[in-house]
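Here is a short report for a reader who is new to this structure. It moves from a single side-chain pair to the whole fold.

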Amino acid sequence: GGKRMTTNQGHRIVCVDDEPAICRALRRCLQRLGVEVLTYTDPQRCLEDLRTLNPDIIISDLRMPQLSGIEFLARSRQLAPGAARILLSAHAERGGLIQAINDAGIHRFIEKPWSDDELMFTVFHALQAEHDGSDIARNPRMPAAPGKRVDPRVQELIRLEQETPGISRVELDEDGYIDLSH
């Protein structure tokens, strides 16, 4: 076989939250998708590294002492224009964010506390690039990085999504769990 394409290395997700425990939780959850997860507790340091990281997705908390998530994501746009930007925020913070979200080009919201299933769905769909047709899904099949196991439920979703695009749009039942009965 010829050269391996770099996309076989799987995808790279960068997470920024000033609380190390949140960073650990994000990494633990997202690694089940078979992607590489890098975490930062300092948004400034992340911005310094972003040019070379070339991430597929950037997830940032809204409230950080060093820099707001909106400002961080707006700046990340210049440094990593191809990445989807996802904002983590508590439910109460939704109110006045719409303008800021437009300014920072944020594609998704995840509410804290999140459910792991919802987080994986959101990231999976962002990797599939249903937003603005940009180049983020350089490889829509999202192969697992070598040696990493993809959660079987996620594999099933990926299979369903390929057969019937849109079928795995999230339906949450009243307890907040994903409802696959539709």
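A polar contact is a pair of N or O atoms within 3.5 Å; within protein, one must be able to donate a hydrogen and the other to accept it, and residues adjacent in sequence count only if both atoms are side-chain atoms. Such a contact, 2.9 Å in length, joins the side chains of Arg-27 and Thr-39.

The model is a predicted one, in which local features need pLDDT of at least 70, side-chain atom pairs count only at pLDDT 80 or more, and totals for chains, interfaces and linings use all residues. Residues are numbered from 1 along each chain as its sequence is written, and side-chain values use heavy atoms, with hydrogens and water left out.

**Fold**

The protein has six helices and five strands. Helices (H or I, at least four residues) and strands (E, at least two) are DSSP runs, numbered from the N terminus. From that end, the elements run β-α-β-α-β-α-β-α-β-α-α.

Five strands form an open sheet in the order E2-E1-E3-E4-E5, with parallel pairing. Strand E2 (36–40) and E5 stand at the edges; each has a single partner strand, so one side of each is left without a neighbour in the sheet. On average, neighbouring strands of this sheet are turned by 20 degrees against each other, direction ignored. Axes here are lines fitted to C-alpha atoms, for helices over the stretch in contact, and angles run from 0 to 180 degrees between N-to-C directions.

Two strands pair if DSSP finds at least two bridges between them. Strand E4 (residues 84–90) pairs with E5 over five bridges, in the parallel sense. Ser-89 has Glu-111 as its bridge partner in E5.

Buried means under 20% relative accessible area, exposed over 50%, and partly exposed in between (1.4 Å probe, protein chains only). Contact means heavy atoms within 4.5 Å.

Arg-27 and Ile-13 are 14 residues apart in sequence, and their C-alpha atoms are 9.1 Å apart in space. The side chain of Ser-76 reaches the backbone oxygen of Leu-73 at 2.7 Å.

**Backbone details**

Most residues other than glycine have a negative phi, and most peptide bonds are trans. Asn-54 has a positive phi, near 50 degrees. This residue is in the loop between helix H2 (43–53) and strand E3 (57–61). Lys-112 and Pro-113 are joined by a cis peptide bond, with omega about -5 degrees. Pro-113 lies in the loop between strand E5 (108–112) and helix H5 (116–127).

**Whole chain and confidence**

Of the 182 residues in the protein, 46% are buried. Among contacts between residues at least 6 apart in sequence, 63% join residues at least 24 apart.

The predictor's confidence in each residue is its pLDDT, from 0 to 100. The protein averages a pLDDT of 76, and 61% of the residues score at least 70. Over residues 130–148 the pLDDT is below 50; this stretch has 47 contacts in the model beyond near neighbours in sequence. Over residues 167–172 the pLDDT stays under 50 as well, and the model has 19 contacts for them beyond four places in sequence.
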